[in-house]
Amino acid sequence: MIKPLATVILAAGKGTRMDSDIPKVLHEIGGKSMIVHVIHTANDLGAEKIITVLGYKYEMVQKVLENETVECVLQLNQLGTAHAVMQCQNILENFLGNVLILYGDVPLTKVETLSKLLDVHEQKSAWSTILTTDLPDPAGYGRIIRNPDDSLLKIVEEKDATDEEKNVTEINSGIYVFDTQTLFRLLPLVGNNNKQNEYYLPDVINLIIKEKGKVAIDKIINYIEIQGVNNTEQLTEVIEHYENA
């Protein structure tokens, strides 16, 4: 039996490096805002609920989304990805199914890729499943640290990684599937004892590992699919990939 699916799209950031007054997720690719591409992907996956977490100039984003079937919640203080997902608790705390975490500035992830991620999650009866890939230049991303048997040992953010861990090229895309009940049980336990003083969503994965829960990994080859847009150069690059796809 296929479990019901909810999708949370994180889209609260300003995008300071975009040198633009509009929220980052409203920059267009192929005539559509990046966040709209992501919402349509979630629709195509059959998500029963789609929740966008908005922050910077949220009224502008809501205006663009007024014809989309989404619920909007606000994260006015950006205290990290775990804190962002916590804003969805009232909507999802009684949702019995899976929740997929996506990003409003990562518009190229294919429906087929996410369908496979959901399949892996079900087949492995996982509490959580992570989408990973190898990057030629992994700088800035959290690293996937594996056990000798290839299972996940931990996810470490670059700012908290040792030199040896920084040499790992397999990165956490930030795209996950969670069992919803597990996610909202563990989110309140996430601390902010790190260099950014933020509440990181990957720490939920580390808590699952601590509880000896099952974490599955789905590694993809085409890293372009998880390319986020943080500056105008990356936007140009993503537009080129989109047009050439």
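Trainee: Why does D19 count as exposed?

Mentor: A residue is called buried under 20% relative accessible area, exposed over 50% and partly exposed in between, with a 1.4 Å probe and the protein chains only; D19 has 70% relative accessibility, so D19 counts as exposed. D19 lies in the loop between β1 and β2 (28-29); such strands are DSSP runs of E with at least two residues, helices are runs of H or I with at least four, and both are numbered from the N terminus. This is a predicted model, in which local features need pLDDT of at least 70 and side-chain atom pairs count only at pLDDT 80 or more, while totals for chains, interfaces and linings use all residues. Residues are numbered from 1 along each chain as its sequence is written, and side-chain values use heavy atoms, with hydrogens and water left out.

Trainee: What makes D150 partly exposed?

Mentor: The relative accessible area of D150 is 48%, so D150 is classed as partly exposed. D150 lies in the loop between β8 (143-146) and β9, and has a positive phi of about 80° although it is not a glycine.

Trainee: Is K212 buried or exposed?

Mentor: K212 reaches 76% relative accessibility and therefore counts as exposed. This residue sits in the loop between α8 and β11, and its phi is positive, about 60°, although K212 is not a glycine.

Trainee: Which residues of helix α8 (residues 202-210) are buried?

Mentor: They are P202, V204, I205, L207 and I208. The buried residues of α8 pack against several elements, including α3 (81-86), β7 (128-134) and β10 (170-179).

Trainee: How do you know how many disulfides the structure has?

Mentor: A disulfide is a pair of cysteine sulfur atoms within 2.5 Å, and a search of the whole structure finds zero of them. C72 is in no disulfide, and the nearest cysteine sulfur, that of C88, is 10 Å away. Although neither takes part in a disulfide, C72 is partly exposed at 31% relative accessible area, whereas C88 is buried at 0%.

Trainee: What makes a set of residues a nonpolar core?

Mentor: The set must consist of buried Ala, Val, Leu, Ile, Met, Phe, Trp, Tyr and Cys residues joined through side-chain atoms within 4.5 Å. The largest such core has 63 residues, and those with the most contacts inside it are I35, I101 and F178. Strand β1 (residues 5-11) gives the most to this core, with six residues. A second, separate core of eight residues includes M34, L108, I224 and V238.

Trainee: With which residues is F178 in contact, leaving aside its neighbours within four places in sequence?

Mentor: Contact means heavy atoms within 4.5 Å, and among the residues that F178 touches in this way are I101, W127, L183 and I208.

Trainee: How many cavities of 30 Å³ or more are there?

Mentor: On a 1 Å grid over the protein atoms alone, a cavity is a set of points where a 1.4 Å probe fits but cannot get out, and lining residues have an atom within 4 Å of a point. Grid points are joined across faces, edges and corners, and the volume is the space filled by probe spheres set on the points. By this rule the count comes to one cavity of 30 Å³ or more, and the largest cavity has a volume of about 50 Å³. Its lining includes V38, Y103, T109 and I175.

Notes: On a 1 Å grid over the protein atoms alone, a cavity is a set of points where a 1.4 Å probe fits but cannot get out, and a pocket is an open set with protein on both sides within 12 Å along at least five of seven lines; lining residues have an atom within 4 Å of a point.
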